[in-house]
Amino acid sequence: MVQIIHGILLIVYIIVCVVLTVIVLMQEGKQAGLTGAISGAAESYWGRNKGRSMEGGLSTATKVLGVLFIVLSVLLNLNMFS
């Protein structure tokens, strides 16, 4: 029974790893320098509604999957599955 739970956790862990990698690669880079300063005023609407945009959703998904990744890493490294 313990080995079945370990197998299921391992499959979920692999899925979380792949999805987390894809989501991080889908995110846009942060703007820096003079270009970001000039376009910053024009993007004030998007800054206020960032949580509802695709980028806000990707950011939230990254945080959730990151926490899930850490929790599964700890659970899989416990010695109760040996």
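Colleague: Is leucine 68 buried, partly exposed or exposed?

Modeller: This is a predicted model, in which local features need pLDDT of at least 70 and side-chain atom pairs count only at pLDDT 80 or more, while totals for chains, interfaces and linings use all residues. Residues are numbered from 1 along each chain as its sequence is written, and side-chain values use heavy atoms, with hydrogens and water left out. Buried means under 20% relative accessible area, exposed over 50%, and partly exposed in between (1.4 Å probe, protein chains only). Because its relative accessibility is 35%, leucine 68 counts as partly exposed.

Colleague: Where is leucine 68 placed?

Modeller: Helices (H or I, at least four residues) and strands (E, at least two) are DSSP runs, numbered from the N terminus. The protein has four helices and zero strands, in the order α-α-α-α from the N terminus on. Leucine 68 lies in helix α4.

Colleague: How far apart in space are leucine 68 and leucine 20?

Modeller: In sequence, leucine 68 and leucine 20 are 48 residues apart. From C-alpha to C-alpha, their distance in space is 10.0 Å.
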